[in-house]
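Hi everyone, thanks for coming along.

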Amino acid sequence: MIYKSFSTSSDATSVIIALHGWTGDMNSMAPIANTLDLKDTKWLLPQAPYKTKLKGFSWYREEDNSRWDHTLSLDLLDSLISKLEDDGFKKKSTFLLGFSQGACLAMEYMKRQTFALGGIIPVAGFIRDKKNFTTNLSQKSLMTPILLIHGDKDKIVEPKQSYIAEEILRSCGYDVNLKLFSGKHKFPLHMESIIKKFIAGN
């Protein structure tokens with residue numbers, strides 16, 4: 001398990017686990033964490049466990065044309081959350097912030113848990129296996145609020161993917177809020193206030 005961590009306060013009360021996109025690494029989300037400048041927050045920046053053929057790392061490993069393995073990624077998040085609990089952080093004070101492929105993992109991980117997180121923030125993401133999303137869905141996870149964020153000019157992951165995710169998540173019973181911004185496939189640092197408000201309110 002490879003990750004970076006830092007706190008914005010010696011008395012941090014909330015935790016954000018920031019999940020990078022495809023071909024990223026544990027350094028990819030550091031500029032975002034620094035720019036958001038969330039007070040009293042501990043940041044964990046894990047590195048995905050699967051090495052890509054190009055460079056960097058992936059949260060999913062393709063087994064064939066229709067199946068993707070992400071067992072190691074789910075195990076990694078389990079280990080991180082368990083460690084946070086040992087350090088005194090409650091699950092309801094823990095948030096998953098994922099970009100692109102990291103957003104996919106945030107939604108996939110969240111739905112399986114027999115507990116509620118403080119919230120998840122999937123940015124420029126999508127639900128990979130839409131037909132089977134309700135498989136392994138835990139009713140207790142329905143108490144986890146969700147803030148979807150997507151750029152309206154995203155050509156890599158089209159914004160319709162977040163609309164579809166919103167519809168699927170709502171149909172399951174999740175509290176979902178979708179925010180679009182004017183931009184492409186990137187993390188919207190100018191939406192800092194919306195992210196802060198979401199974290200502060202959960």
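Let's begin with a helix: α3, residues 101–112, gives the most to the lining of the second largest pocket, with 3 residues. Helices here are DSSP runs of H or I with at least four residues, strands are runs of E with at least two, and both are numbered from the N terminus.

Two notes before we go on. This is a predicted model, where local features need pLDDT of at least 70 and side-chain atom pairs count only at pLDDT 80 or more, while totals for chains, interfaces and linings use all residues. Residues are numbered from 1 along each chain as its sequence is written, and side-chain values use heavy atoms, with hydrogens and water left out.

Back to that pocket. A pocket is an open set of points on a 1 Å grid over the protein atoms alone, where a 1.4 Å probe fits and protein lies on both sides within 12 Å along at least five of seven lines; lining residues have an atom within 4 Å of a point. Grid points are joined across faces, edges and corners, and a volume is the space filled by probe spheres set on the points.

The second largest pocket holds about 290 Å³. It is lined by 15 residues, and the closest to its centre are Trp68, His70, Glu108, Arg128 and Asp129. By class, that lining has 4 nonpolar, 5 polar and 6 charged residues. For these classes, Ala, Val, Leu, Ile, Met, Phe, Trp, Tyr, Cys and Pro count as nonpolar, Asp, Glu, Lys and Arg as charged, and the others, Gly among them, as polar.

The largest pocket has a volume of about 430 Å³. Of its 20 lining residues, Trp22, Thr52, Ser58, Trp68 and Gln101 are the closest to its centre.

Now turn to helix α5, residues 192–200. Which of its residues are buried? They are Ile195, Phe198 and Ile199, where buried means under 20% relative accessible area, exposed over 50%, and partly exposed in between, with a 1.4 Å probe and protein chains only. These three sit on the same side of α5 because they cover an arc of only 95° around the axis, taken from the directions from the helix axis to the C-beta atoms. On the face turned away from that side you will find the exposed residues Ser193, Lys197 and Ala200.

Next, please find alanine 106, which lies in helix α3. Is it buried or exposed? Alanine 106 is buried, with a relative accessible area of 0%. Leaving aside neighbours within four places in sequence, alanine 106 is in contact with Leu19, Leu96 and Ile120, contact being heavy atoms within 4.5 Å.

Finally, some backbone angles. Most residues other than glycine have a negative phi. Aspartate 40, in the loop between α1 and β3, has a positive phi of about 55°. At 36% relative accessibility, aspartate 40 counts as partly exposed. Alanine 124, in the loop between β9 and β10, also has a positive phi, near 55°. Alanine 124, though, counts as buried, at 1% relative accessibility.
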